[in-house]
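Hi,

Here is the structure I promised to pass on. Have a look at it first, then read my notes below.

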Amino acid sequence: MRNQHVLVVEDETAVRDMIRFAVDRAGFEVEVVGNGEEARLAVADRRPGLVLLDWMLPDVSGLELAREWRRTDATAELPIIMVTARTESDDRVRGLDLGADDYITKPFSSAELVARVRAVLRRTLPGGENAILESESLALDAACQRVAAGEQAVNLGPTEFRLLQFFMGHPERVYTRAQLLDQVWGQNVFVEERTVDVHIRRLRQALSPVACDQVIQTVRGSGYRFSDRAA
Ligand code: CA
């Protein structure tokens with residue numbers, strides 16, 4: 001059974017309320033605390049399915065807390081998303097190195113937040129890679145190699161399938177063509193970047209009969225992003 005209990009550790013009232021509203025509306029059970037000490041107690045009391053952890057807390061840093069949880073057997077596998085106001089990439093990397101499963105930078109939209117929570121919960125589920133990936137309108141079953149939009153099946157070639165699988169596991173984030181080549185084709189495969197465009201076009205064509213082609217977005221000057229938000 002998936003643990004749908006999300007613990008939010010955040011001291012800023014406005015951000016806290018926004019997160020609480022978004023996560024609650026997405027169907028999760030939300031618990032909110034405002035500092036590190038309360039967070040320790042809350043996790044010891046009842047292990048959450050996921051923690052949304054603010055980087056800067058009044059009593060202890062989010063990094064310190066994440067480190068503590070990672071060192072403790074009972075919480076070593078606790079899924080953690082770091083919430084940070086910082087934009088320095090080395091700080092983000094530090095957060096991930098310490099074992100945060102993902103990070104999100106303020107300001108963020110509730111759609112982005114919820115998409116990340118769902119993605120981390122999926123990736124950290126037992127059975128991880130073979131789990132079913134779901135977005136607002138699409139479901140991808142890796143074990144059965146099937147994609148569906150509601151009742152309608154989507155027919156994809158093997159490369160388009162892997163591309164969609166990667167995108168659905170990492171929603172709302174922009175990837176360059178080079179990054180997609182590394183992630184989907186593999187680092188030892190020598191293909192030109194425009195190959196990505198060819199497969200993106202095929203993927204959109206395959207998604208078009210179920211009216212989902214717009215989930216693969218072109219980000220000018222950067223690359224592509226998967227975003228499946230209810231209108
Ligand atoms: Ca803070």
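What does the accessible surface of the protein chain come to, and what percentage of it belongs to carbon and sulfur atoms? The surface is about 12,100 Å², and carbon and sulfur atoms hold 47% of it. Areas like this come from the Shrake-Rupley method with a 1.4 Å probe, and for residues only the protein chains shown count as cover.

A word on the ground rules. This is a predicted model, where local features need pLDDT of at least 70 and side-chain atom pairs count only at pLDDT 80 or more, while totals for chains, interfaces and linings use all residues. Residues are numbered from 1 along each chain as its sequence is written, and side-chain values use heavy atoms, with hydrogens and water left out.

**The overall picture**

The protein chain has eight helices and twelve strands. Those are DSSP runs numbered from the N terminus: helices are H or I with at least four residues, strands are E with at least two. Of the 231 residues, 45% are buried. Here buried means under 20% relative accessible area, exposed means over 50%, and partly exposed is in between (1.4 Å probe, protein chains only). Take the contacts (heavy atoms within 4.5 Å) between residues at least 6 apart in sequence: 57% of them join residues at least 24 apart.

**The calcium ion**

Which residues coordinate the calcium ion? They are Asp11 (OD), Asp54 (OD) and Met56 (O), at 2.1 to 2.3 Å. Along the chain, the donors follow the spacing D-x42-D-x1-M. Asp11 sits in the loop between β1 (5–9) and α1 (13–25), and Met56 in the loop between β3 (50–54) and α3 (62–71), so this pair ties together parts that are 45 residues apart in sequence. Asp11 counts as partly exposed, at 30% relative accessibility. One caution: donors are N, O and S atoms within 2.8 Å of the metal (3.2 Å for Na, K and Ca), and water is not among the atoms, so sites may look incomplete.

Helix α6 (residues 158–169) packs on helix α7 (residues 177–185) at an angle of about 110 degrees, with the axes 10 Å apart. That makes α6 roughly perpendicular to α7. For reference, axes are lines fitted to C-alpha atoms, for helices over the stretch in contact, and angles run from 0 to 180 degrees between N-to-C directions. Under 35 degrees counts as roughly parallel, over 145 as roughly antiparallel, 65 to 115 as roughly perpendicular, and the rest as oblique.

On the α6 side, Thr159, Arg162, Leu163, Phe166 and Phe167 meet Leu180, Gln183, Val184 and Trp185 of α7. By class, that contact has six nonpolar, two polar and one charged residues. The classes are nonpolar for Ala, Val, Leu, Ile, Met, Phe, Trp, Tyr, Cys and Pro, charged for Asp, Glu, Lys and Arg, and polar for the others, Gly among them.

The axes of α7 and helix α8 (residues 194–207) come within 9 Å and cross at roughly 75 degrees. So α7 is roughly perpendicular to α8. Arg177, Leu180, Leu181 and Trp185 of α7 make this contact with Thr195, Val196, Asp197 and His199 of α8. Its classes are four nonpolar, two polar and two charged residues.

**Spots in the loops**

- Pro107, in the loop between β5 (102–105) and α5 (110–123), is joined to Lys106 by a cis peptide bond with omega of about -5 degrees.
- Glu172 is not a glycine, yet has a positive phi of about 70 degrees. Glu172 is in the loop between α6 and β10 (174–175), and counts as buried at 11% relative accessibility.
- Ala211 is not a glycine either, and has a positive phi of about 60 degrees. Ala211 lies in the loop between α8 and β11 (216–219) and counts as exposed at 51% relative accessibility.
- Glu77, in the loop between α3 and β4 (80–84), counts as exposed at 66% relative accessibility. Not counting residues up to four places away in sequence, Glu77 touches Arg47 and Arg70.
- Gly49 is in the loop between α2 (36–45) and β3, and is buried with a relative accessible area of 7%.

Over to you!
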